[in-house]
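Welcome! Please take a moment to look over the sequence and the 3D structure, and then walk through this briefing with them side by side.

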Amino acid sequence: MGLSTAAIYAVIGSGLVLTYTTTGVFNFAHGATGMLAAFAYWQLAVGWGLPVWLALALVLLVIAPVFGLLLERFVLREAQALGDAQRLVITIALLSGFIALARWVWDPNEARPLSPFFVDRPPIRIGPAVVTWHQAITMIVAVAVAVALWALLNRTRTGAEMRATVDDRALVGLTGADPVRANRVAWMLGTQLAAIGGILIAPTVALDAQQLSLLIVSAYAAAIFGRLRSLPLTFLGAVVVGCTESYLTGYLPQNDFLPGLRLAAPALLLFAVLLLFPHRRLRGRDRKLIQVPVPPARGTAVFAGCIVAGGLFLATTLGDEQAITYGSMFALGIVALSFVPLTGYAGQVSLCQFSIAGIGAIVWAQLGANGEVWALGAAVLVSAVVGALIALPALRLSGVYLALGTTAFTIILDRWIFTLPSFELFGVRIALFQQGSVEMAGPRLFGFRADETREIMMVSAVVLALAVLGVAALRRGPFGRRLIALRDSEAAYATLGGNLLLAKLMVFSLSAGLAGLGGALYGMHLRSVTAENFNLVAGLPIFLVAVIGGLGRVGNGMFSGASTVGPQVLVGVAPWTINPIGLLPATIGIAVSRHPDGVLPMMRAGWEPLGRSRAAVTALLGLVAAGWLLHLGGLVNGWTLFIALLVGAHIVQVYARRREATPAEPEVPVEWWGVRRPWRREDGEVLARAVAG
């Protein structure tokens, strides 16, 4: 069993290494590609009843290579010219999008079992070992893949082009070879290998979009074992991972604390390999650094005030059901804001922020059952300690490696730590999600218990406003400037006397503390949370939306929170749009990743004319106040108010922009003053000064 599983990981991992070494793009969506292939095979062979051989031929020889070709042509070819961060975002967006697409096409509530190959034939006995035909086919396929890849890379012109492209893409083009063709072949083969792995492993697990996509973590470990360039070492790493999983399945002691360890074993191995193995410098390291503007104190204060005012406006106008649906935007905004100092300022990529938010929710649930405000401080402190622990391995990881490390940490939390029952540590009783859900109470402030949804929404809005002021002050202060220097060049930062360990510990702790605070408030809003609320797949849209907004902007928190829950307005009107909306973060993430500044600068440029027009500001405030009073008086409903404010704000914005865009009076030479334009009172003084000078 272990060797057959290892064979599947070797096939998938070899496709991952092949595409990375040829194109320089580490494909986080590689496992999701195999997942889609497995679903397509089920649809053809089981759903539509085609013969197995025909279904396999269609998936592996038609659908998979064409899919890889389309990905290379329309998404990933341009990604090669981007930096590490943008390439990472594109493949994570693909991962999120593929999972959403699979759940849209194939109902996740419907079971879709797949039978192993030749399940009706008796197994093969080799001494004391019993090998099923499916396992035998799996191992034969892995050997065939290894031989075919060796022959391709070492005995064909295309293979020579692919290996040469790794070293110097420009030089390959000068020799008459075609690097684009080499990349195209690499993506087609990589997609086929992912499809083979997905089809082979699907009969042994549930045909679930999320589970199949995250099985790639085992292949990640195998690929990192091969240092992302060696296929033989990748196969060896796959054997280590597969045999470890098999050993834990067969010999792990039976108790309540260890079942999750087997599920988290691939992530633990990935984390260990990342820390223990030396890693070469990543190809194409991004040096096109983005300017991070210093937020003005006055503008930030106005923005924070608008957040509080917006929270008050929503709390007094939304109905009970709407408040539950949309009120979490402020808490999620705090989690998204945690990316700004960590990734926007310091350049450290983390995919575990939402899981750390889950830690903050756990601490509040256990310590703040009666609404004690000090428990919020404890949630921040515990989350900050976890962030500091993550910072230690981050000292030797960067780029893709750091993203992989934080992904592994998230999966360890999801599959093992969050599933543990309550236990005692040094005489202290520690309870997590208690293998189910935990209840979340609202905070008690100044003798007042904020336990209603609107009250918690208002508290979250105030906390988000304070967090925005704090992150803006951080950027204006000396520590913010040090973080920018750290992002620009870690080597230069250390050479000039900067303490890398201290800086990373502080920024990871600060960011994790913010995420934990947001997670606690998010849990209060939901009233009851489970581990599933904070897993990797749940956190990916938050990360993507934060990237879309612009990771260097303090307004990102409010933008991300509103953008995450905002599409629910459309779902409320047209429920059938829930699946297309699930694809939005991935689709926009792919497009906006090519504009690393994000959409917030464009939005700010569009609204700045309004801010400079006193008449426009007065009109907008009057419109909001009038609509608010009419709604409180019961004269207009919520939808009417929403549409009226949306249309009114757009009209005021267009007015301000057109007023500011009025063409300036053309400059007239001095000798034509009084002829081509009227003589002005100040013209005489201007001429006198010019003559005297």
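## A helix to begin with

Helix α5 (residues 133-155) has 23 residues, which at 1.5 Å a residue should span 33 Å, and its end C-alpha atoms are 32 Å apart, which agrees. The expected span is 1.5 Å times one less than the number of residues. Helices here are DSSP runs of H or I with at least four residues, strands are runs of E with at least two, and both are numbered from the N terminus.

This is a predicted model, in which local features need pLDDT of at least 70 and side-chain atom pairs count only at pLDDT 80 or more, while totals for chains, interfaces and linings use all residues. Residues are numbered from 1 along each chain as its sequence is written, and side-chain values use heavy atoms, with hydrogens and water left out.

**Buried helices**

- Which residues of α5 are buried? They are His134, Gln135, Ala136, Thr138, Ala142, Val145, Leu149, Leu152 and Leu153. Buried means under 20% relative accessible area, exposed means over 50%, and partly exposed lies in between, using a 1.4 Å probe and protein chains only.
- Helix α19 (residues 399-415) can be checked in the same way: its 17 residues should span 24 Å at 1.5 Å a residue, and its end C-alpha atoms are 24 Å apart, which agrees.
- In α19, 16 of the 17 residues are buried, so this helix is largely enclosed by the rest of the structure.

**Aromatic pairs**

- A pair of aromatic rings is described by the distance of the centres and the angle of the planes.
- The rule is that rings of Phe, Tyr and Trp (its six-membered ring) pair if their centres lie within 6.5 Å; planes under 30 degrees apart count as stacked, over 60 as edge-to-face and the rest as tilted.
- By this rule the count comes to 12 aromatic pairs.
- One of them joins Phe28 and Tyr220, an edge-to-face pair with 5.7 Å from centre to centre and 70° between the planes.
- Phe28 lies in the loop between α1 (2-23) and α2 (30-47), and Tyr220 lies in helix α10 (residues 216-225), so the pair ties together parts that are 192 residues apart in sequence.
- Are these two residues buried or exposed? Both Phe28 and Tyr220 are buried.
- Another pair is formed by Phe354 and Tyr522, and it is tilted, at 6.1 Å centre to centre with 50° between the planes.
- This pair also links distant parts of the chain: Phe354 is in helix α17 (residues 353-367) and Tyr522 is in helix α23 (residues 500-526), 168 residues apart.
- Phe354 counts as buried at 7% relative accessibility, and Tyr522 is buried with a relative accessible area of 14%.
- Tyr20, Phe26, Phe28 and Tyr220 form one aromatic cluster.

**Charges over rings**

- A charge sits over a ring if NZ of Lys or CZ of Arg is within 6 Å of the ring centre and within 35 degrees of the ring normal.
- The charged end of Arg73 sits over the ring of Phe74, 5.4 Å from its centre.
- Arg121 lies over the face of Trp133, and here the distance to the ring centre is 5.6 Å.

**Helices that pack together**

- Two packed helices are described by the angle between their axes and the distance between the axes.
- Axes are lines fitted to C-alpha atoms, for helices over the stretch in contact, and angles run from 0 to 180 degrees between N-to-C directions.
- The axes of helix α13 (residues 297-317) and helix α30 (residues 614-632) come within 10 Å and cross at roughly 25°.
- That makes α13 roughly parallel to α30; angles under 35 degrees count as roughly parallel, over 145 as roughly antiparallel, 65 to 115 as roughly perpendicular and the rest as oblique.
- α10 packs with helix α11 (residues 231-251) at an angle of about 140°, with their axes 7 Å apart. That makes α10 oblique to α11.

- Ala29 is found in the loop between α1 and α2, and at 0% relative accessibility Ala29 counts as buried.
- Arg527 lies in the loop between α23 and β8 (528-530), and is partly exposed, with a relative accessible area of 32%.
- Phi of Arg527 is near 75°, a positive value in a residue other than glycine.
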